[in-house]
Amino acid sequence: MKIKTGEFVISNADYKTCPAPRMAEYAFIGRSNVGKSSLINALVNHKNLAKTSRRPGKTQLINHFIINNEWYLVDLPGFGYAKVPKAIRAEFHDMISEYLLNRTNLMCLFVLIDARHKPQAIDQEFMHWLAEKGIAFVMVFTKADKLGKVELAKNIGSYKVEMKKTWDELPQIFITSAEKKIGTTEISTFIKNLNPQFKEII
Ligand code: GTP
Ligand code: MG
């Protein structure tokens, strides 16, 4: 699918004030600094549509972007950023979990994981929570450009081995780099194939 247009719509702290759920929606989530905003920009081919930063904790609200006037991409705040005060962390947590549990047009959640890291408890616990709540998700490894080919394959291989210890079936996996535009076509094709199912759930 060709992404022709991408426009910022609105930022919200509450799912209740998000745009009416009349179009298919896909949201990006993951630890702070994993590259959510950057991957959205790479997909849409727009350098500064979603705000990125070297400092973790840049995205703090639920940000809606409309793509091709047909579907929404959503940039969510990162979780697990230790420097955010506890009270604010709890607020973030509520904002995100309420959004995930109540957003009826959410077709699939993209859970981003840095390709360089070993499985982290926070990501694993989060994905188990998604499975328990029946929230559809896929996994996206990010920053693939930061590793050599062999190292990347090795890391992802051992990540899968580790996950198989607690998962009967692994979620679908994408390997991406926002920097080198790796995996963006695969993600937009995945979205294109899922979009027609939207009618069936409303
Ligand atoms: P928060 O909004 O703070 O949760 O972060 P985020 O997950 O949206 O991360 P963001 O896209 O802001 O990127 C964080 C940093 O990682 C920035 O300095 C990006 O330039 C860098 N980055 C993101 N994606 C890639 C990538 O694919 N390759 C490389 N080399 N750097 C990346
Ligand atoms: Mg961000």
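**Close-up 1. Lysine 165 and glutamate 162 form a salt bridge.** In this predicted model, the closest N and O atoms of the two residues are 3.1 Å apart. Lysine 165 counts as exposed, at 59% relative accessibility.

**Close-up 2. Arginine 116 meets aspartate 114 in a salt bridge.** Here the side chains come together at 2.7 Å, N to O. Aspartate 114, at 6%, is buried, because buried means under 20% relative accessible area.

**Close-up 3. A salt bridge joins the side chains of glutamate 25 and arginine 103.** The N to O distance is 2.9 Å. Which parts of the chain does this pair link? Glutamate 25 lies in strand β2 (residues 24-30), while arginine 103 sits in the loop between α2 (86-102) and β5 (106-114). The two residues are 78 residues apart, so the pair links distant parts of the chain.

**Close-up 4. Glutamate 25 and arginine 103 again, now for their accessibility.** Are these two partners buried or exposed? Glutamate 25 has 0% relative accessibility and counts as buried. Arginine 103 reaches 7% relative accessibility and also counts as buried. Both values fall in the buried class because that class covers anything under 20% relative accessible area.

Conventions
Residues numbered from 1 in each chain as written. Chains lettered and ligands numbered in written order. Predicted model: local features only at pLDDT ≥ 70, side-chain atom pairs only at ≥ 80, totals over all residues. Heavy atoms only, no water. Salt bridge = Lys/Arg side-chain N within 4 Å of Asp/Glu carboxyl O. Helix = DSSP H or I, 4+ residues; strand = E, 2+ residues; numbered from the N terminus. Buried < 20%, exposed > 50% of the residue type's maximum accessible area, 1.4 Å probe, protein only.
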